[in-house]
Amino acid sequence: MSSTEDASQGAVPAHLLRGQKALVTGANSGIGKATALGLGRAGADVVVNYVAGREEAEKVVEEIASFGVRAAAYEADVSDEGQVVAMTNRMVEEFGTIDILVANAGLQRDSAFPEMTLAQWQKVIDVNLTGQFLCAREATKEFLRRGVVPEVSRSAGKIICMSSVHQLIPWAGHVNYASSKGGVQMMMETLAQELAPKKIRVNAIAPGAIRTPINRSAWDTPQAEKDLLTLIPYGRVGDPEDIANAAVGLASDLMDYVVGATLYVDGGMTLFPGFATGG
């Protein structure tokens, strides 16, 4: 059995999120796809957001529906305010409300710093940081309108920001990406502080090295994987389901007292293993 199968099969009770409505951005591949499937497997109805790749999004919807819950695919660019507002309004109209937001959509535009263009910088900030701001803002409006429904959840709403170990670890050649994730951390913590009195829980997940299309070159050959594992004390590259399981837990009432926290899901990468023998 593969590590993916280990992580995804029977990991959470099917009733854990029953009756809740979840929106996952960037959910037609990679971490977003696994998270959308995990939430559906745990009983939530799920909206699968995508900006390109409708066919892949529809396949995710079909798989989620096989768990006996509702699912739909919504196209929207999270960096576009009008599209985010329309997507959230549509979800409230069609699904009744929103209980869980997983702000996952993100991208990279890598470059050495002296050659990085303003367009490369701005695109990453617009999607990775502003996109999370817009989605969180619109979800929060619905959380505040509806309030707590005790038979559904102890919280009025849950926001999970998808960050990265690079909110902590500098990453040469990726200054736009690392800066966006550092911004996500402070945005998340500030929102958590402001919204906690309203019974809205805001937290983040910071993945380490995960087997996704965005970083395939880092793990898809034996030598690349061997080199990568020198950064991971736990001795394996993560699977998208590792992140999905963390998201399901954070979205559930099992984590009701967790507010403003970043959960590092990284096999120990943020332990800086290069210093294990004294540096």
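## Packing of helix 2 against helix 3

In this predicted model, K33, A36, L37 and G40 of helix 2 meet V60, E63 and I64 of helix 3, contact meaning heavy atoms within 4.5 Å. By class, this contact holds four nonpolar, one polar and two charged residues; Ala, Val, Leu, Ile, Met, Phe, Trp, Tyr, Cys and Pro count as nonpolar, Asp, Glu, Lys and Arg as charged, and the others, Gly among them, as polar. Helices (H or I, at least four residues) and strands (E, at least two) are DSSP runs, numbered from the N terminus.

The axes of helix 2 and helix 3 (residues 54-65) lie 9 Å apart, at an angle of about 20°. Helix 2 is therefore roughly parallel to helix 3, a term for angles under 35 degrees. Axes are lines fitted to C-alpha atoms, for helices over the stretch in contact, and angles run from 0 to 180 degrees between N-to-C directions. The crossing of helix 2 and helix 3 is right-handed, that is, the near helix is turned clockwise from the far one by less than a right angle.

## Packing of helix 5 against helix 6

Helix 5 and helix 6 pack with axes 8 Å apart and an angle of about 15°, which means that helix 5 is roughly parallel to helix 6. Their crossing is right-handed. Residues in this contact include W121, I125 and F133 of helix 5 and Y177, M187 and L191 of helix 6. The contact divides into twelve nonpolar, eight polar and one charged residue.

## The largest pocket

The largest pocket holds about 1200 Å³ of space. On a 1 Å grid over the protein atoms alone, a pocket is an open set of points where a 1.4 Å probe fits, with protein on both sides within 12 Å along at least five of seven lines; lining residues have an atom within 4 Å of a point. Grid points are joined across faces, edges and corners, and the volume is the space filled by probe spheres set on the points.

The lining comprises 49 residues, with G106, Q108, Y177, T212 and I214 nearest the centre. By class, the lining has 27 nonpolar, 18 polar and four charged residues. Helix 2 (30-41), strand 2 (45-50), helix 5 (118-146) and helix 6 (175-195) each supply at least two lining residues, and helix 2 gives the most, with three.

## Positive phi values

K199, in the loop between helix 6 and strand 6 (200-207), has a positive phi near 65°. F272, in the segment after strand 7 (262-265), has a positive phi of about 50°.

## Basis of the values

Residues are numbered from 1 along each chain as its sequence is written, and side-chain values use heavy atoms, with hydrogens and water left out. Local features need pLDDT of at least 70 and side-chain atom pairs count only at pLDDT 80 or more, whereas totals for chains, interfaces and linings use all residues.

Note on methods
Angles under 35 degrees count as roughly parallel, over 145 as roughly antiparallel, 65 to 115 as roughly perpendicular and the rest as oblique.
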